[in-house]
Amino acid sequence: MMWFVVLLSCFGVSNGRTPLNHAVYNEKLNERVVGGSDAQPNSWKWQVSLQFDSSSQQEYYHICGGTIIGSSHVLTAAHCILSYDARHYRVVTGEHNLYKYDGSEQFSFVDNILIHPGWTGDLGNGNDIALLKLVAPIYDNGFVRLADLPYAGEVLPNDFTCYITGWGLLATGGSVPDILQEAPIHVVEHKVCSTHDWWGSLAKKTMICAGGDGKTAGCQGDSGGPLNCFTDGAWRVHGVVSYGPGGNCNTIRKPTVFTRVSSFTDWIYSVILS
């Protein structure tokens, strides 16, 4: 079985490059979508940067992506939770350039972390999904919006084109982007992705595979971010970036694997409405 890796940005000591929004990044470890290009400013208004402060010194750095799904709730991956102490996190909405303050950003602190009860810490078992409840609601400043979600149980067809977005690796050992990246990525249906020369038994029906073509993939730093797909007349977040191949994010027949949002809509709404 091929080794796989979470698409989480690792973290380390600050290299001294501090952006105007006071988030601290490690240039070698926090990089971008493989095969992507710069997104237009605020074109994916539900995208967030989940940031972590390991030192409790208000020195935040990007670790994962996320999605605004309620005025006080953000969707991300369970494996992005490095600490159960909510005080270590903040969410930046309206973000585009991580190293520049444009006036579109909102900085929100986290009040509570809600991880799916089926999450065991093993990516191959699935349920890699979590919700963050914010201390104060996000307000509509013209640069943010709530994501639309798919219908419960909805399954995308093979080769359907979606977009992956994030501030993850451009390539293994690649460079750091300032700007949010976007890339078209094609769905690989479960009956293909679950065959032995693809992801085999690691690909569950509660997941979506996309990519595996040697051109486009998620990578470290993209974890928790959205898989954006235009269905039923609207852009909807169908997936949450979960894992990919170790060693080289962009590997033939080892597509990026997303948690399938349509498998968890009942849980999502039960948390938001509770």
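In this predicted model, Cys249 is buried, with a relative accessibility of 4%. The sulfur of Cys249 is bonded to that of Cys219 in a disulfide, at an S to S distance of 1.9 Å. The torsion about this S-S bond is 70°, and the link of Cys219 and Cys249 is right-handed. Cys219 is located in the loop between E11 and E12, whereas Cys249 is located in the loop between E13 and strand E14 (256-260); the pair thus connects distant parts of the chain, 30 residues apart. Cys219 is likewise classed as buried, because its relative accessibility is 0%.

The search of the whole structure gives 4 disulfides. A disulfide is a covalent bond between the sulfur atoms of two cysteines. When the bonded cysteines are counted along the chain, the pairing of the protein chain reads 1-2, 3-7, 4-5, 6-8. Among these disulfides is the one between Cys162 and Cys229, with an S to S distance of 2.1 Å. The torsion about the S-S bond of Cys162 and Cys229 is about 105°, and the disulfide is therefore right-handed. Cys162 belongs to strand E9 (residues 161-166) and Cys229 to strand E12 (residues 226-231), so this pair ties together parts that are 67 residues apart in sequence. Cys162 and Cys229 are both buried.

A further disulfide is formed by Cys193 and Cys209, whose sulfur atoms are 2.0 Å apart. For Cys193 and Cys209 the torsion about the S-S bond is about -80°, so the disulfide is left-handed. Cys193 is part of helix H1 (residues 190-193), and Cys209 is part of strand E11 (residues 207-210); the pair therefore ties together parts that are 16 residues apart in sequence. Both cysteines of this pair, Cys193 and Cys209, are buried.

Salt bridges were also counted, and the total is 2 salt bridges. In one of them, Arg87 is paired with Asp85, and the closest N and O atoms are 2.9 Å apart. Arg87 has a relative accessible area of 68% and is therefore exposed, the cut-off being over 50%. Asp85 has a relative accessibility of 23%, so Asp85 counts as partly exposed. A salt bridge also links the side chains of Arg145 and Asp148, with an N to O distance of 3.1 Å. Arg145 is partly exposed because its relative accessible area is 38%. Asp148 is partly exposed as well, because its relative accessibility is 28%.

With a relative accessibility of 3%, Ser242 counts as buried.

Tyr99 is placed in the loop between strand E6 (89-93) and strand E7 (106-115). The relative accessibility of Tyr99 is 11%, so this residue counts as buried. Tyr99 and Pro177 are separated by 78 residues in sequence, while the distance between their C-alpha atoms is 9.2 Å.

The backbone was examined for positive phi values. Most residues other than glycine have a negative phi. Asn42, a residue other than glycine, has a positive phi, near 55°. Asn42 is found in the loop between strand E2 (37-38) and strand E3 (47-52). Asn42 is counted as buried because its relative accessibility is 18%, and buried means under 20%. A positive phi also occurs at Asp232, which is not a glycine; the value there is about 50°. Asp232 is situated in the loop between E12 and E13.

Cys229 lies in strand E12, and Asp232 lies in the loop between E12 and E13.

Definitions and conventions
Residues are numbered from 1 along each chain as its sequence is written. This is a predicted model: local features need pLDDT of at least 70, side-chain atom pairs count only at pLDDT 80 or more; totals for chains, interfaces and linings use all residues. Side-chain values use heavy atoms; hydrogens and water are left out. Buried means under 20% relative accessible area, exposed over 50%, partly exposed in between (1.4 Å probe, protein chains only). A salt bridge is a side-chain nitrogen of Lys or Arg within 4 Å of a carboxyl oxygen of Asp or Glu. Helices (H or I, at least four residues) and strands (E, at least two) are DSSP runs, numbered from the N terminus. A disulfide is a pair of cysteine sulfur atoms within 2.5 Å.
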